[in-house]
Amino acid sequence: MGQRIHFVVDPQGWCCMGVLIFVWLYNTIFIPKVILFPHYEEGNISVVAVLCYYFCSLFCIASLFRASVADPGKLPENPKIPITEREYWELCNKCNMLRPKRSHHCSRCGHCVRRMDHHCPWINNCVGEDNHWLFLQLCFYTQILSSYTLILDFCHYYYFLPLKKEKWDVFVFRHELALLRISAFMGLIILGGISRLFYTQLMGIFTDTTSIEKMSNCCEDISRPRKPWQQTFSEVFGTHWKILWFIPFRQRQPLRVPYHFANHV
């Protein structure tokens, strides 16, 4: 299944994404320049620490861009519904289109999304059936990158050996205290917010419920038998191979292709 490009025209979403990209650029530029490269040149850290930071940074920005432009599961305008499956569809009272159950209409995007979890302004996109796995990867790698940044900020002052003084004539080293304080502040804010969001997302997958279903508390399927957590995670990520759950550079293949999906791709 090829993943379609989905672009949402929303200035508020652009601003939120711009904030995340600014934080990512700030730490990707200044943390290596102030901490990683100087300490690597003086033998305080190994090249593995430098490569790990860039890998985390790459996976973080890749999952952000892919989650923001991926089709979350927008329904086609004229779906063909088999007679035997009509009982699993319902009429949306906002766009007057038939949709499968557990879908939701996003008022900001103006269409229904299959198994919609919520609309996230930070990715300027809905989180639905087809990009939920990318949103989870974004939360995961953002936590890793924020934690790694905070650890480096701490070690720079309390663990690593002091840098040689001849490097202090460079602008960034003259202002390293201010730069790293800003980095630590942004890291704490991002880590605190993302950790709470990531926890609620994991609990939703464990219980096989979306955020909208939890808030409405009126979904008739809330009381359905729970699936094993391996099955629910595999359905979200589109594969039983757990190692692939952590890789954003791939195409998601649904484990079970629904009847309404055949004419959508």
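Predicted model: local features only at pLDDT ≥ 70, side-chain atom pairs only at ≥ 80, totals over all residues.
Among contacts in the protein chain between residues at least 6 apart in sequence, what share joins residues at least 24 apart? The share is 66%.

Let me start with the chain as a whole. The protein chain has 265 residues, and 48% of them count as buried. Its secondary structure comes to seven helices and six strands. Read along the sequence, the pattern is α-α-β-β-β-β-β-β-α-α-α-α-α.

Next, the record. In an unreviewed entry, UniProt places the feature "transmembrane region" at residues 12-31, 43-65, 138-159 and 179-199. I looked at two of those spans in the model. Residues 12-31 are 100% helix and 0% strand, and the C-alpha atoms at the ends lie 29 Å apart. For residues 43-65 the figures are 83% helix and 0% strand, with 35 Å between the end C-alpha atoms.

Leaving aside neighbours within four places in sequence, Leu-152 is in contact with Ile-31, Ile-35, Leu-36 and Tyr-53.

Asn-27 is in helix H1. Is Asn-27 buried or exposed? Its relative accessibility is 8%, so Asn-27 counts as buried; the cut-off for buried is under 20%. The side chain of Asn-27 makes a polar contact of 2.7 Å with the side chain of Ser-183. Not counting residues up to four places away in sequence, Asn-27 touches Pro-32, Tyr-53, Thr-149, Ser-183 and Met-186.

The other one is Ser-63, in helix H2. Ser-63 has a relative accessible area of 0%, so this residue is buried as well. What lies 2.9 Å from a polar atom of the Ser-63 side chain? It is the backbone oxygen of Phe-59. Beyond neighbours within four places in sequence, Ser-63 is in contact with Leu-134, Gln-137, Leu-138 and Pro-248.

On to the aromatic residues. How many aromatic pairs does the structure hold? There are 16. One of them is Trp-229 with Phe-233: the ring centres are 5.8 Å apart and the planes are at 80 degrees, so the pair is edge-to-face. Both residues lie in helix H7, four residues apart, which is about one turn of the helix. Their surroundings can be compared through accessibility. Trp-229 is partly exposed, at 37% relative accessible area, whereas Phe-233 is buried, at 8%.

A second pair is Phe-237 with Trp-245. Here the centres are 5.4 Å apart and the planes are at 15 degrees, so the pair is stacked. Both Phe-237 and Trp-245 are buried.

Phe-59 is the residue whose backbone oxygen lies 2.9 Å from the Ser-63 side chain. One further ring has a charge over it: the charged end of Arg-250 sits over the ring of Trp-133, 4.4 Å from the centre.

I will finish with two glutamines. Gln-231 is in helix H7, and at 32% relative accessibility this residue counts as partly exposed. Gln-231 and Phe-206 are 25 residues apart in sequence, and their C-alpha atoms are 9.5 Å apart in space.

Gln-253 is in the segment after H7. At 39% relative accessibility, Gln-253 also counts as partly exposed. How far from Asp-130 is Gln-253, C-alpha to C-alpha? The separation is 9.2 Å, although the two are 123 residues apart along the chain.

Conventions. Residues numbered from 1 in each chain as written. Heavy atoms only, no water. Contact = heavy atoms within 4.5 Å. Buried < 20%, exposed > 50% of the residue type's maximum accessible area, 1.4 Å probe, protein only. Polar contact = N/O pair within 3.5 Å; in protein donor to acceptor, adjacent residues only side chain to side chain. UniProt positions renumbered as here; feature names shortened; annotations may be inferred. Phe/Tyr/Trp six-rings, centres within 6.5 Å; stacked < 30°, edge-to-face > 60°. Lys NZ or Arg CZ within 6 Å of the ring centre and 35° of its normal.
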